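Here is a short note for a colleague who is meeting this structure for the first time. Please read the points below alongside the sequence and the model.

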Amino acid sequence: MIRTQSIEPVYGSDITPDLGREVNHTDPEVVRLLALNLELAIKNLVRSKSSPECLVLTADICTHKLMAMPTADGDIKVLVFES
């Protein structure tokens with residue numbers, strides 16, 4: 001299902017980017033693969049020159065929530081939130 005709401009309705013007010021952590025090698029494989037897919041999706045959208053100004057992709061799996069967004073320096077940050 002594709003959601004077009006802002007990040008607040010998707011995650012709720014108790015989850016903010018400040019509470020997330022970077023993906024690391026001890027995360028389950030599904031989390032690492034999902035983070036990679038979100039990162040590649042952001043890269044593709046940015047390269048297409050048609051991405052919105054504020055671009056945030058989110059994913060919700062049983063045990064984790066992920067948030068990917070471009071940073072000001074041109075990199076992409078993927079954050080993990082434990083459920």
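1. A residue is called buried when its relative accessible area is under 20%, exposed when over 50%, and partly exposed in between (1.4 Å probe, protein chains only). The model is predicted, so local features need pLDDT of at least 70 and side-chain atom pairs count only at pLDDT 80 or more, while totals for chains, interfaces and linings use all residues. Residues are numbered from 1 along each chain as its sequence is written, and side-chain values use heavy atoms, with hydrogens and water left out.

2. Four salt bridges are found in a search of the whole structure, a salt bridge being a side-chain nitrogen of Lys or Arg within 4 Å of a carboxyl oxygen of Asp or Glu. R21, which counts as partly exposed because its relative accessibility is 24%, forms a salt bridge with D27, with the closest N and O atoms 2.6 Å apart. D27 itself counts as buried, at 6% relative accessibility.

3. R21 also meets the side chain of E82 in a salt bridge (2.9 Å, N to O). Because E82 lies in strand β4 (residues 76-82) and R21 in strand β1 (residues 21-22), this pair ties together parts that are 61 residues apart in sequence; strands here are DSSP runs (E, at least two residues) and helices likewise (H or I, at least four), numbered from the N terminus. E82 is exposed, with a relative accessible area of 55%.

4. In helix α2, K43 and E39 lie four residues apart, about one turn of the helix, and their side chains meet in a salt bridge (3.5 Å, N to O). K43 is partly exposed at 31% relative accessibility, and E39 is partly exposed at 24%.
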